[in-house]
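Please consider the following structure, shown with its sequence. The paragraphs below lead through its helices and its sheet.

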Amino acid sequence: RRVYEANRAAAKYFNSVLNSSEGAVGLQYYKNRGLTDHTIKKFGLGFAPDKWDGLLKHLRSLGFSTTDMLAAGLIRQSRESANYYDIFRNRVMTPKYINTGDTIVYKKTNELFSLNFAKDSGKSTLILCEGYMDVIAMNQAGFTNAVAGCGTALTGEQVQLISRYADEVVLAYDADEAGQKAVQK
C-alpha cells in the first residue's frame with residue numbers, strides 16, 4: 001500500500017512541477033510534440049526537476065520513509081556515500097515511470113501502457129503501438145483503444161493481457177528497421 005501511495009504522490013509531484021516555472025522546458029517539449037492541455041492532464045504527464053533530491057524531500061515531507069521510496073523505485077543510495085538521490089532528474093515523466101526497474105507493484109513484462117483507457121473504449125480491437133508517446137498521440141487523435149507494451153519487447157504476459165481485452169489487434173509500429181523487426185517477431 002505504501003509503495004502505491006508513494007508512486008501516486010510522485011506522479012502528483014511531477015505533474016505539479018510540470019505546471020510550474022521549473023517544468024517549463026518539459027511543458028514546452030510536450031507542446032512541441034503537439035500535445036494539448038487536455039491530453040497532458042488525462043495522462044497525468046509531468047516533469048522531474050533538475051535536482052538531486054527534489055522528489056526525495058517532497059516525499060519525506062509527506063511522511064514517506066526512505067524504505068518506501070526505495071521499494072517504489074523512486075530513489076537510490078549513492079555508491080560513494082550514505083546519501084540518497086532521486087532516480088529521475090530533468091526529464092518528462094509519465095505515471096508509469098518508463099525507466100523504473102521492477103518493484104513489488106510494477107513489473108514491466110506484465111503491463112500495457114494505457115490499458116486503463118483502452119479497455120473502456122468500447123472497442124474489441126486494440127491498437128498496439130511501439131511507444132508511450134505513440135499511444136498518447138493516438139489517444140489525442142481519438143483512438144482511445146491504443147496501448148503499448150512496457151519494456152523493450154512485447155512479452156508473453158502482455159500478449160495474454162491483450163487477449164483478455166481484444167478480439168483483434170492492429171500493429172502500429174514505426175516503419176524504421178527496429179519497428180519492422182518487432183512486427184515480424
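**Helices and an open sheet**

In this predicted model, helix α4 is followed by Gly63, a residue whose phi is positive, near 95°. Within α4, the buried residues are Gly54, Leu55, Leu56 and Leu59. These buried residues pack against the helices α1 and α5 and against the strands β2 (75-77) and β3 (84-86).

The buried residues of α1 are Val3, Ala6, Asn7, Ala9, Ala10, Tyr13, Phe14, Val17 and Leu18. Among the elements against which they pack are the helices α2 (24-32), α3 (37-42), α4 (54-61) and α5 (66-71). The strands β1 (46-48) and β4 (91-93) are also packed against by the buried residues of α1.

The sheet may be considered next. Four strands form an open sheet in the order β5-β7-β6-β8, and their pairing is mixed. Strands β5 (112-113) and β8 (168-172) stand at the edges, each with a single partner strand, so one side of each is left without a neighbour in the sheet. Strands of a sheet pair through backbone hydrogen bonds, in either a parallel or an antiparallel sense. For β5 and β7 (residues 146-149), the pairing is antiparallel and extends over 2 bridges. Here Leu112 stands opposite Gly149 of β7.

Notes
Residues are numbered from 1 along each chain as its sequence is written. This is a predicted model: local features need pLDDT of at least 70, side-chain atom pairs count only at pLDDT 80 or more; totals for chains, interfaces and linings use all residues. Side-chain values use heavy atoms; hydrogens and water are left out. Buried means under 20% relative accessible area, exposed over 50%, partly exposed in between (1.4 Å probe, protein chains only). Contact means heavy atoms within 4.5 Å. Two strands pair if DSSP finds at least two bridges between them.
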